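Keep the structure open while you read.

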Amino acid sequence: MKRLKITNDHGWTPRTLRKQEWKIKNTLLRQRVMAVRLVMEGYSGKEAASMINVCRQTASHYVSLFNEGGLELLLHRDFAPGREPFLTEEQQEEIKHLVLTTTPAELGWDVASAWNTKLLQSYVAKQFGVSISREALRKLLHRKGLSWTRPTYTLAKGNLDEQKQLEKQMDLIKKLDHQGHRRCRSSVHR
């Protein structure tokens, strides 16, 4: 088995790589730098792999990435693009706007005063011709900054004049109570 070797250090030393490790928050990326640093310090690929808890081939891959493109290539990660979303960005925004500004009752969908995922699922199927799970809708709304809350009653606005009058009465009651309390205390000490 051929010994792993750093063929191009790209200006990095074990000391500067260690400092770089401390700056990296992502554990997997820090592990990559650590593997290269350990090989640079003279550890074999097998020893370095064992120390960072990966197989020898993974450590070898990290070293070859570093040799080829330095730290930039070592820390670069390509992610798969993922599945196409069920709804376009415009459709997602339309759903968010719908949830924020209307009720199912206003649109004649139901007598409900608030949207739920079951109603939204039906709306999306009819409006956009897309079948989407309730969980996917919940996640979509969460990504759009919305969260599910239980509907509550909203009390009508109170009369401002009556509220001020009540506050004055409460202040007077507190004042009288405080004075009476003081009188009671002073009579106890006599």
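A residue is called buried under 20% relative accessible area, exposed over 50%, and partly exposed in between, using a 1.4 Å probe and protein chains only. By that scale Asn53 is exposed, with a relative accessible area of 70%. Please keep in mind that this is a predicted model, in which local features need pLDDT of at least 70 and side-chain atom pairs count only at pLDDT 80 or more, while totals for chains, interfaces and linings use all residues. Residues are numbered from 1 along each chain as its sequence is written, and side-chain values use heavy atoms, with hydrogens and water left out.

**The chain as a whole**

The protein chain has eight helices and zero strands, where helices (H or I, at least four residues) and strands (E, at least two) are DSSP runs numbered from the N terminus. Along the sequence, the pattern reads α-α-α-α-α-α-α-α. The radius of gyration of the protein chain is 33 Å, well over the 16 Å that the globule rule gives for 190 residues, so the chain is more spread out than a compact globule. That radius is taken over C-alpha atoms, and the globule rule is 2.2 Å times the number of residues to the power 0.38. Along the principal axes, the C-alpha atoms fill a box of roughly 95 × 75 × 25 Å. Of the 190 residues, 27% count as buried. Contact means heavy atoms within 4.5 Å. Among the contacts with a separation of 6 or more, 53% come from residues 24 or more positions apart.

**Helices H2 and H4**

How do H2 and H4 meet, and at what angle do their axes cross? The axes of helix H2 (residues 27-40) and helix H4 (residues 56-75) come within 11 Å and cross at roughly 130 degrees. Axes here are lines fitted to C-alpha atoms, for helices over the stretch in contact, and angles run from 0 to 180 degrees between N-to-C directions. Angles under 35 degrees count as roughly parallel, over 145 as roughly antiparallel, 65 to 115 as roughly perpendicular and the rest as oblique. H2 and H4 are therefore oblique to each other.

On the H2 side, the residues in contact are Leu29, Gln31, Arg32, Val33, Ala35, Val36, Val39 and Met40, and they meet Tyr62, Val63, Leu65, Phe66, Leu71, Leu74 and Leu75 in H4. Sorted by class, this contact has 13 nonpolar, one polar and one charged residues. For that sorting, Ala, Val, Leu, Ile, Met, Phe, Trp, Tyr, Cys and Pro count as nonpolar, Asp, Glu, Lys and Arg as charged, and the others, Gly among them, as polar.

Arg32 deserves a look of its own. Arg32 sits in helix H2 and counts as buried at 12% relative accessibility. Not counting residues up to four places away in sequence, Arg32 touches Tyr62, Leu65, Leu74, His76 and Arg77.

**Helices H6 and H7**

Helix H6 (residues 117-128) and helix H7 (residues 134-143) have axes that come within 9 Å and cross at roughly 95 degrees. That makes H6 roughly perpendicular to H7. H6 contributes Thr117, Lys118, Leu120, Gln121 and Val124 to the contact, while H7 contributes Arg134, Leu137, Arg138 and Leu141. These residues divide into four nonpolar, two polar and three charged.

**Residues around H5**

Leu87 lies in the loop between H4 and H5. Is Leu87 buried or exposed? Leu87 is buried, with a relative accessible area of 2%. Leaving aside neighbours within four places in sequence, Leu87 is in contact with Gln92, Ile95, Val124, Phe128, Val130, Ile132 and Leu140.

Val99 is found in helix H5 (residues 89-101) and counts as partly exposed at 24% relative accessibility.

| Pair | Apart along the chain | C-alpha separation |
|---|---|---|
| Gln127 and Gln91 | 36 residues | 9.7 Å |
| Val99 and Ser60 | 39 residues | 52 Å |
| Leu87 and Ser131 | 44 residues | 10.0 Å |

**Backbone points to check**

Most residues other than glycine have a negative phi. His10 has a positive phi of about 50 degrees although it is not a glycine. His10 lies in the segment before helix H1 (14-23) and is partly exposed at 32% relative accessibility. Asn53 has a positive phi near 65 degrees, and its place is in the loop between helix H3 (45-52) and H4.
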